[in-house]
Amino acid sequence: MTRPLIAVPARFSATTSALRYAAEVNARALVEAVWRAGGEPATIHPADPATTDVAARLARFDGVLLPGGGDLAPHRYGATDTHDSVYDVDDLQDAFDIDAARRTLGLGLPLLAICRGLQVVNVAFGGTLEQDMGGPECEHRHLVHPVTVRRGTLLEQATGAEKTEASCYHHQRVDRLGAGLTVTARAADGTVEGIELPGTHGWFTAVQWHPEDTAHEDPAQQGLFDALVRAARDRH
């Protein structure tokens, strides 16, 4: 059976020793999780949406995965100042990811958004972010913690769990929720850990954590990639 094509926007990397130059990359664990699910992961170039038709590019694929990465520029969600902890901002990456999120959902393509990807979707729908969760003692970096999943959501269906152990690496979180979005999971401290868009005509769920970190050993985390590829196959 032909593997469904899953578009994964690349992340810009300033240094990659094996290639000698700056590069466009995706995490191996992420790509392998899509492959295990039966998908064909395809890294795509984040070209300027002002000069390219992002919708036409994405329409060639069966599903989209928006991965983690650096922070969104605060001006993207209306902030007039920038916290000192904000890092790895790239204007082209922001512009492409936000447009890709809107176009993917507009096309009805299955979409899984991870960490930065969740924040991108929230901003794309007019939401805002808390630029810093309060310093090292409050952030969710190098942390595996329990997350409570709301029943009856696509997230619960994908993970098969009402509580799951989530591997997190973020210092920002959702502040104001974007229009039409609903919260599907929270951490014990109230941090939004999952969002969905009821009424959209394509499969979509987003998580603030990194399921690829433990997907090789945790069926609940691998279930997210399985659900994305299954939705992509059904659409195809």
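**V121 and the nonpolar cores**

V121 touches L66, A101, L105, L111, A113, L181, I195 and F204, leaving aside residues up to four places away in sequence. This is a predicted model. V121 is also among the residues with the most contacts inside the largest nonpolar core, which has 32 residues.

**Nonpolar cores**
- Alongside V121, the residues with the most contacts inside the largest core are L58, L66, L72, L111, I195 and F204.
- Helices α2 (54–58), α3 (91–107) and α4 (116–124) each supply at least two residues of this core.
- So do the strands β4 (40–44), β5 (63–66), β6 (111–114), β12 (192–196) and β13 (204–207).

**Overall fold**
- The protein has six helices and 13 strands.
- Its radius of gyration is 16 Å, close to the 18 Å from the globule rule for 236 residues, so the protein is as compact as a globular protein of that length.
- The C-alpha trace spans about 50 × 40 × 40 Å along its principal axes.
- Take contacts between residues at least 6 apart in sequence: 69% of them join residues at least 24 apart.

**Burial and surface**
- Of the 236 residues, 56% count as buried.
- The protein exposes about 10,500 Å².
- Carbon and sulfur atoms supply 50% of that area.

**Charge**
- The protein carries 21 positive and 32 negative charges.

Note on methods
Residues numbered from 1 in each chain as written. Predicted model: local features only at pLDDT ≥ 70, side-chain atom pairs only at ≥ 80, totals over all residues. Heavy atoms only, no water. Core = buried A, V, L, I, M, F, W, Y, C linked by side-chain atoms within 4.5 Å. Buried < 20%, exposed > 50% of the residue type's maximum accessible area, 1.4 Å probe, protein only. Helix = DSSP H or I, 4+ residues; strand = E, 2+ residues; numbered from the N terminus. Contact = heavy atoms within 4.5 Å. Rg over C-alpha atoms; globule rule 2.2 N^0.38 Å. Areas by Shrake-Rupley, 256 points an atom, 1.4 Å probe, with all protein chains shown as cover. Lys, Arg positive; Asp, Glu negative; His and termini not counted. Charge placed at Lys NZ, Arg CZ, Asp CG, Glu CD.
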